[in-house]
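These are my notebook entries on a single protein chain. I set down what I looked up, entry by entry.

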Amino acid sequence: MKIYYAIPYLFLGNLIWAQQVQKDTVKSTEIKEVVLKKKTLQKKSDRMVYDVGNSPVAKGNNGFELLKQTPMLSSTDDKSLKVLGKGSTKIYINGKAQTMDADAIVDMLKSMPAENISKIEVITVPSSEFQVEGNEAIVNVILKKKSSDGINGNVKIEDQIAKSNSATLSTSFNYRKGKFGLQANVNGGKIVRDQYYILTNGNDGGAQPFSLKSEGDVVSKFGQWGGYLNMDYQLTDRQKLDFSFQHRDKEEKPSTTNFINELRNSGSLFEITQTLNTTNSKVSNQSYNLGYEWLTDDKGSKLNANASYMYFDKTGVNN
């Protein structure tokens, strides 16, 4: 009788223990929250993609400053961009080549709020889609587009106080309604760049007894205004039309270079001369582009057709 009753008790005890283990296992594997983070940098076979939307660097910066902080990009003169290991760099915006002169493109990027940029593609191995020559690289700036109907925008006022004061204003807005989208930017300002130079040449008292010292101011003043307009219309799921217009006017006020030059012989003053230069110039840029895009399959193949027009005019007097 004792053995007969012990077997059910043992089985019941094992069953309770198994149920307890199963219950605890379910509790330990319960997922409370899943957090997915998008990569800021993506390396592809022909390009590096910088997802600016996930980077805090874009806050408060302009487009040119953001490009300078993009991996593989640098600028030594604050007027041009260079891709590591490449001879020259071409700027594209939304896949369209910028036909304006280099100064106008840089001015446009400096007036563009970095918050308007979605991605930056550094293309080191350009395909036949891009028009390149020799050892050139492509930097494609992709602007943000509204994915739903509505309008948004921003206004940026910047004032730089150095030896002289410079002020700029930029306003941008983004609009979408159904298949139609529009992006626009208007900007302008007064820029004053004052610099003071001390230039020396020669070895005073050495094998070359003559030495030259030039000291003075370089004052550059100019006003500029411009902007861009981008429109796109989705004809079908695979076909779209787009139109872009860019404009830049830059007028250089009387800018002067005033140097006092001292020529010395073995430390003794030999001659004093003055170099005085005055420059006035005006530059106007306009660029138009009408494009058609057709996605021919689901593998990324597409057909692009573009018609472009560029107007450039520069006048100046140099005394």
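**Entry 1: cavities**

On a 1 Å grid over the protein atoms alone, a cavity is a set of points where a 1.4 Å probe fits but cannot get out, and its lining residues have an atom within 4 Å of a point. Grid points are joined across faces, edges and corners, and a volume is the space filled by probe spheres set on the points. The largest cavity holds about 80 Å³ of space. Its lining consists of K96, A97, Q98, T99, S244, F245, Q246, S287, Y288, N289 and S308. I noted that β6 (96–97), β13 (239–265) and β14 (268–295) each give two or more residues to this lining.

**Entry 2: how to read the model**

This is a predicted model, in which local features need pLDDT of at least 70 and side-chain atom pairs count only at pLDDT 80 or more, while totals for chains, interfaces and linings use all residues. Residues are numbered from 1 along each chain as its sequence is written, and side-chain values use heavy atoms, with hydrogens and water left out.

**Entry 3: the chain as a whole**

I found three helices and 15 strands in the protein chain. Helices (H or I, at least four residues) and strands (E, at least two) are DSSP runs, numbered from the N terminus. Of the 319 residues, 30% count as buried. Buried means under 20% relative accessible area, exposed over 50%, and partly exposed in between (1.4 Å probe, protein chains only). The accessible surface comes to about 20200 Å², and carbon and sulfur atoms account for 56% of this surface. Such areas come from the Shrake-Rupley method with a 1.4 Å probe; for residues, only the protein chains shown count as cover. Among contacts between residues at least 6 apart in sequence, 61% join residues at least 24 apart; contact means heavy atoms within 4.5 Å.

**Entry 4: the open sheet**

In what order do the six strands of the open sheet stand? I read the order as β1-β2-β7-β8-β5-β6, with mixed pairing. Two strands pair if DSSP finds at least two bridges between them. β1 (41–43) and β6 stand at the edges with a single partner strand each, so one side of each is left without a neighbour in the sheet.

Strand β5 (residues 88–93) runs parallel to β8, and six bridges join them. Strand β7 (residues 117–123) pairs with β8 in the antiparallel sense, also over six bridges. N140 in β8 is the bridge partner of Y92, and E121 stands opposite N140 as well. I117 has L143 in β8 as its bridge partner.

Is E136 buried or exposed? E136 is buried, with a relative accessible area of 13%. E136 lies in strand β8 (residues 136–143). Its side chain makes a polar contact of 3.3 Å with the side chain of S88. A polar contact is a pair of N or O atoms within 3.5 Å; within protein, one must be able to donate a hydrogen and the other to accept it, and residues adjacent in sequence count only if both atoms are side-chain atoms. Not counting residues up to four places away in sequence, E136 touches K86, S88, K90, P126 and Q131.

S118 is found in strand β7. The C-alpha atoms of S118 and V52 are separated by 5.5 Å, although the two residues are 66 apart along the chain. Beyond its neighbours within four places in sequence, S118 is in contact with residues including Y50, V52, I142 and L143.

**Entry 5: helix α3**

I looked next at helix α3 (residues 102–111), where seven of the ten residues are buried, so the helix is largely enclosed by the rest of the structure. The buried residues are A104, I105, V106, D107, M108, L109 and S111.

**Entry 6: a hairpin**

My last entry concerns β14 and strand β15 (residues 302–318), which run antiparallel and are joined by 17 bridges. Q286 has Y311 in β15 as its bridge partner. The two strands form a hairpin with six residues between them, and G300 in the turn has a positive phi of about 100°.

Terms used. 1 Å grid on protein atoms, 1.4 Å probe; cavity = no way out; pocket = protein on both sides within 12 Å on 5 of 7 lines; lining within 4 Å.
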